[in-house]
Amino acid sequence: MIRSERTRRTAVAVLRVLAVAAAYYAAGGLGLIQEVSVHGAVVTPLWPPTGIALGALIYLGPSAWPGIALGSLLVVATLSGSVTPSTFAVVAGNTAAPVCAYLILRRAGFRSELDRLRDGVVLVFLGALAGMSISATVGTGMLLLDGKLPLSGFWPVWAAWWSGDAMGVLVVTPLLLVLRRLRMPRASDRWVEASALLIASVTVSLVATRSSLAMIYLVFPLLIWAALRFRLAGSAPCALLVSVLAAIAGTQGVGPFEGQTILRVMVHLAVFNGCVALTALLLAAVVTEQSNIRRRIERACEELADVVDHLAPGRAAAAWPSRPEDE
């Protein structure tokens, strides 16, 4: 019985590692669809595997890191066509970045429910912006050491690498945290409003990212609508949709990105997608936190009323004026 239980646990652990590696590799394939070249280095404006990696660590704990390393190895080997010592260094950086981000989040008291403003702030500034600097530094440094990147191109490539990894965390990880609490829809849910939000998000996002006019910031009222009415469950998918469409438009050089250099496009995409993620994540966290505070206050008032009724039922009844229908 003990041996059977141990074998089952080992099999479950191996399956988890393989599942994380497969998800990382699949997300890498999606990210490379919109790849661009900065000083000869292949980067993407949105790198989903970093969001997958951090989400897996939040779900499964530190035991998920072998899957992240295996998935990263497959992606880097496929991209470069060979496995060299530099490959393992890049894989180490890609693995260390989400692991360090996860450890920082846990140290800061991060809660995966994202029901507090501090959780959103910690995920943005510590998990994404600070944590992903590790992978960008290691990856760009290895390109420089291998002679594949001139010294003058270090900071442009580093900024593009870092922004792509950070956007992956800001856009993909909140969506994974929402899926964790996914439930079957009920008849009482706001179907009409949700459908209207979906149609408006797709339409406005396409117009904003494809039009040559300065209309790209029309997406922010949609993000505010989604966060106020549906919280993270609405704002996270909306932010993902907007960021993906903006990245596609940027790499194709259409709409507001027409006629710009690759470096300028990457900078604009980093700023825009960062603002989208910040608006969606932080506003949804504020709304959720305020709603939870209101519920706690209402619960405390109900408990206080029960205590008063229990200690002095006659006095409590006399304290409330009678209603006309009771007379």
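1. Helices here are DSSP runs of H or I with at least four residues, numbered from the N terminus. Pro48 is found in one of these, helix 2, which covers residues 48-60. Note that the structure is a predicted model.

2. Is Pro48 buried or exposed? Pro48 counts as buried, because its relative accessibility is 16% and buried means under 20%.

3. Several contacts of Pro48 can be listed. Leaving out residues up to four places away in sequence, Pro48 touches Ala27, Gly31, Gly168 and Val172. There is also a C-alpha distance to look at: Pro48 and Leu30 are 18 residues apart along the chain, and their C-alpha atoms are separated by 7.7 Å.

4. Asp119 is placed in helix 5, residues 117-130. Asp119 has a relative accessible area of 1%, so this residue is buried.

5. Which residues is Asp119 in contact with, once neighbours within four places in sequence are left aside? They are Gly109, Phe110, Arg111 and Leu114.

6. Arg295 belongs to helix 10, which spans residues 262-311. Its relative accessibility is 39%, so Arg295 counts as partly exposed. The cut-offs explain this label, because partly exposed lies between the buried limit of 20% and the exposed limit of 50%.

7. Arg295 is one of the residues that form a positive surface patch, together with Arg294, Arg296 and Arg299.

Conventions:
Residues numbered from 1 in each chain as written. Predicted model: local features only at pLDDT ≥ 70, side-chain atom pairs only at ≥ 80, totals over all residues. Heavy atoms only, no water. Patch = residues over 30% accessible without salt bridge, like charges linked within 9 Å, V, L, I, M, F, W, Y side chains within 5 Å. Areas by Shrake-Rupley, 256 points an atom, 1.4 Å probe, with all protein chains shown as cover. Salt bridge = Lys/Arg side-chain N within 4 Å of Asp/Glu carboxyl O. Lys, Arg positive; Asp, Glu negative; His and termini not counted. Charge placed at Lys NZ, Arg CZ, Asp CG, Glu CD. Helix = DSSP H or I, 4+ residues; strand = E, 2+ residues; numbered from the N terminus. Buried < 20%, exposed > 50% of the residue type's maximum accessible area, 1.4 Å probe, protein only. Contact = heavy atoms within 4.5 Å.
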